Amino acid sequence: MKIGKRFASFLLAGLMIFTMSACSNDGEKTSEQPKEDSKVESQTEGKPNSAGPMEIKKVGIAMPTKDLQRWSQDGENLKKKLEEKGIQTELQFANNDIGTQISQLENMITNGCNLLVVASIDGSALTNVLDTAKASGVTVIAYDRLIMNSDAVSYYATFDNTKVGKMQGQYIADALDLEHKDGPFNLEIVTGPTDDNNVVFFYGGAMEVLKPYMDAGKVVVPSGQVSRQECATPEWSNQKAQERMENILSSFYNDGKKLDAVLCSNDATAHGAVSALAENYTGTWPVITGQDCEITNVKSIIEGKQAMSVFKDTRALASAVVDMVTALSEGKEVPVNDTKTYDNGTGIIPSFLVEPVAATKDNYKELLVDSGYYTEADLK
Ligand code: BGC
């Protein structure tokens, strides 16, 4: 069984770096419990890990880009939280360039990082560099996006991505009252790139909710672009989302047809859709979804252009990773709460899923301002 194999290789790596001076592995619960804000209970936290304590020399944090607010926040949060624990870190952003990310990872390994936390750009492009990591006894945690086709990945920390998609789909279903109304309502779909494994779950979760209404004829997609591939946005680029939306509007809505909803998988694509609509559409404003609660998009929610976003608290995800790292260093079993969903092509990767929350005009203050994620001034 895959977890067995993975555990055996981790055991080997753990033995290689076992240090007698590390904290004792007495199997008792540590004070480091999963954080309240992680929301989802771990199934394994606190148990001893027979690989023994791992000496964490330095943690390499590889983030895809600084261009999107969320990844800057993710990277900085993680760095800060690990350093507060006295752990050295190296943080790199790869400008959404796969080659850059690969060489950053190579450098991290050369620079003595023996634990890598990686939010991949292309989940399938890291097999070789992570083979090198594994051969050097480096432990790998996939962050937010699953790294595919690599048996070097030990753990995965992410949000419940299917739930993200379901929340977006359900928001549209509720806003259009699809349960009670026949429509037909016009929908367009703008999702993320085909090389981001998360899109399988975002799109899949949303379709789980919306497909029955599409099959019943209550929801139609005038562009005919429905599959994940047809609705993809390369690099999650807001510019590319805008261009695709402009083409859809000029080709399929040039006769005054009403657009009722745009399922956008994240805030960057929602931003693109809003820009396209602002310039090329005069009908009743559609329901537009998003994800990440980027500042620009929260402002758009306040203005009533974007209807909702999904709040993924980067502080909670960083805490989940810090809990994983702490457990490894203390020889405790790594906290995970999902051991069946995320197969990266080499087997199931034990995962910790953090709960996402839907954010709207009605609850954004409580969710984002009262929790200290943003200040009022950030959203002005
Ligand atoms: C993340 C989203 C993000 C998107 C674009 C996805 O993998 O889960 O939160 O909006 O990438 O960076």
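**A buried threonine, then a helix by a pocket**

Tutor: Let's start with a pair of side chains: those of Thr158 and Tyr156 are joined by a polar contact of 3.4 Å. Bear in mind that this is a predicted model. Thr158 belongs to strand S5, which covers residues 153-159. Is Thr158 buried or exposed? Its relative accessibility is 0%, so Thr158 counts as buried, the cut-off being under 20%. Leaving aside residues up to four places away in sequence, Thr158 touches Asp144, Leu317, Tyr342, Phe352, Leu353 and Val354.

Now to the largest pocket, which holds about 440 Å³ of space. It is lined by 23 residues, and Leu68, Asn96, Glu235, Trp236 and Ser237 are the closest to its centre. By type, the lining has 9 nonpolar, 8 polar and 6 charged residues. Helices H7 (238-252), H8 (267-280) and H9 (295-303) each give at least two lining residues, and H8 has the largest share, with 3.

So H8 deserves a look of its own. Its 14 residues should span 20 Å at 1.5 Å a residue, and because its end C-alpha atoms are 20 Å apart, the two agree. Ala268 is itself buried, and other buried residues of H8 include Asp267, Gly272 and Leu277. The buried residues of H8 pack against H7 and H9, and also against strands S6, S8, S9 and S10.

Terms used: Residues are numbered from 1 along each chain as its sequence is written. This is a predicted model: local features need pLDDT of at least 70, side-chain atom pairs count only at pLDDT 80 or more; totals for chains, interfaces and linings use all residues. Side-chain values use heavy atoms; hydrogens and water are left out. On a 1 Å grid over the protein atoms alone, a cavity is a set of points where a 1.4 Å probe fits but cannot get out, and a pocket is an open set with protein on both sides within 12 Å along at least five of seven lines; lining residues have an atom within 4 Å of a point. Grid points are joined across faces, edges and corners, and a volume is the space filled by probe spheres set on the points. Helices (H or I, at least four residues) and strands (E, at least two) are DSSP runs, numbered from the N terminus. Ala, Val, Leu, Ile, Met, Phe, Trp, Tyr, Cys and Pro count as nonpolar, Asp, Glu, Lys and Arg as charged, and the others, Gly among them, as polar. The expected span of a helix is 1.5 Å times one less than its number of residues. Buried means under 20% relative accessible area, exposed over 50%, partly exposed in between (1.4 Å probe, protein chains only). Contact means heavy atoms within 4.5 Å. A polar contact is a pair of N or O atoms within 3.5 Å; within protein, one must be able to donate a hydrogen and the other to accept it, and residues adjacent in sequence count only if both atoms are side-chain atoms.
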